[in-house]
Amino acid sequence: MEAKEIIAHVDHTYLKQTATWAEIQQICDEALTYHAATVMVPSCFIPRIKEKYGDALKIATVVGFPNGNCNTAAKIAETAQALADGASEIDMVINIGMLKAGETDYVTQEIRALKRLCGDRILKVIVETCFLTDEEKIAACHCVTEGGADIIKTSTGFGTAGAKLEDIELFKKHIGSGVQMKAAGGIHTREEMEAFLQAGCTRLGASAAVKVLKDELDK
């Protein structure tokens, strides 16, 4: 798999709490230069990105991040503002505690509410696999499918572990036919990126992708 093919599936990500505008600009410049799928950034930077780069970049942002347990109204407000500011894609965190308590209707309805706002724009749902049993991961797959989301995503990168190939294999067995997969968190090597894509992921969340692939991309 060529480096340019890998980077085309990457949400070039910078979500650190200490993120500055200078660092976000670097991420945006790299995404433009190497043709990443999107830039994945904190929502406060979306207006500045739109002002500086216009429509040259697809912007993704996070909602309810990283814990997922704010109320639904807050997630709706956060999503609406991000979309109004110019986000093309939303990565929401589910309410993990509700899922673990078996309150799957709550989780599904929250996903459905955000997808209704997103319309044709992509909604990814972060289920934070490191906190879930296999049975809970399967339940999450059903919630994501029934809620109408576009992509199920493994991790925030802020939990106790990130993406694992075995979770992608489990997702494949239990998501609906229209749901895609994104691996994120702890993806640091070219081999890992390629393995997740070959396993069926259509997106990768990786802050290190450009650094790892740069020599190949610059050829």
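What follows is what I looked up, entry by entry.

**Ground rules.** I am working from a predicted model, where local features need pLDDT of at least 70 and side-chain atom pairs count only at pLDDT 80 or more, while totals for chains, interfaces and linings use all residues. Numbering runs from 1 along each chain as its sequence is written, and side-chain values use heavy atoms, with hydrogens and water left out.

**The barrel.** I went for the strands first. Eight of them close into a barrel, in the order E1-E2-E3-E4-E5-E6-E7-E8, with parallel pairing. Neighbouring strands are turned by 25 degrees against each other on average, direction ignored; the axes behind that are lines fitted to C-alpha atoms, and angles run from 0 to 180 degrees between N-to-C directions. For my own record, strands (E, at least two residues) and helices (H or I, at least four) are DSSP runs numbered from the N terminus, and two strands pair if DSSP finds at least two bridges between them.

**E1 and E8.** I checked strand E1 (residues 10-13) against strand E8 (residues 203-206) and found parallel pairing over three bridges. Asp11 has Gly205 in E8 as its bridge partner.

**Largest pocket.** A pocket here is an open set of points on a 1 Å grid over the protein atoms alone, where a 1.4 Å probe fits, with protein on both sides within 12 Å along at least five of seven lines; lining residues have an atom within 4 Å of a point. The largest one holds about 600 Å³ of space, the volume being the space filled by probe spheres set on the points. Its lining has 31 residues, with Thr13, Tyr14, Ala206, Ser207 and Ala208 closest to the centre. Which element gives the most to this lining? I get H2, with four residues. By class I noted eleven nonpolar, 14 polar and six charged; Ala, Val, Leu, Ile, Met, Phe, Trp, Tyr, Cys and Pro count as nonpolar, Asp, Glu, Lys and Arg as charged, and the others, Gly among them, as polar.

**Annotated positions.** The unreviewed UniProt entry puts "active site" on Asp91, Lys153 and Lys182, though such annotations may be inferred rather than shown by experiment. They are spread over 92 residues of sequence but cluster in space, the largest C-alpha distance being 10.3 Å. Lys153 and Lys182 are in the lining of the largest pocket. Asp91 sits in strand E4 (residues 89-93). Is Asp91 buried or exposed? Asp91 counts as buried because its relative accessibility is 0%, and the cut-off for buried is under 20% relative accessible area (1.4 Å probe, protein chains only).

Terms used. Buried < 20%, exposed > 50% of the residue type's maximum accessible area, 1.4 Å probe, protein only.
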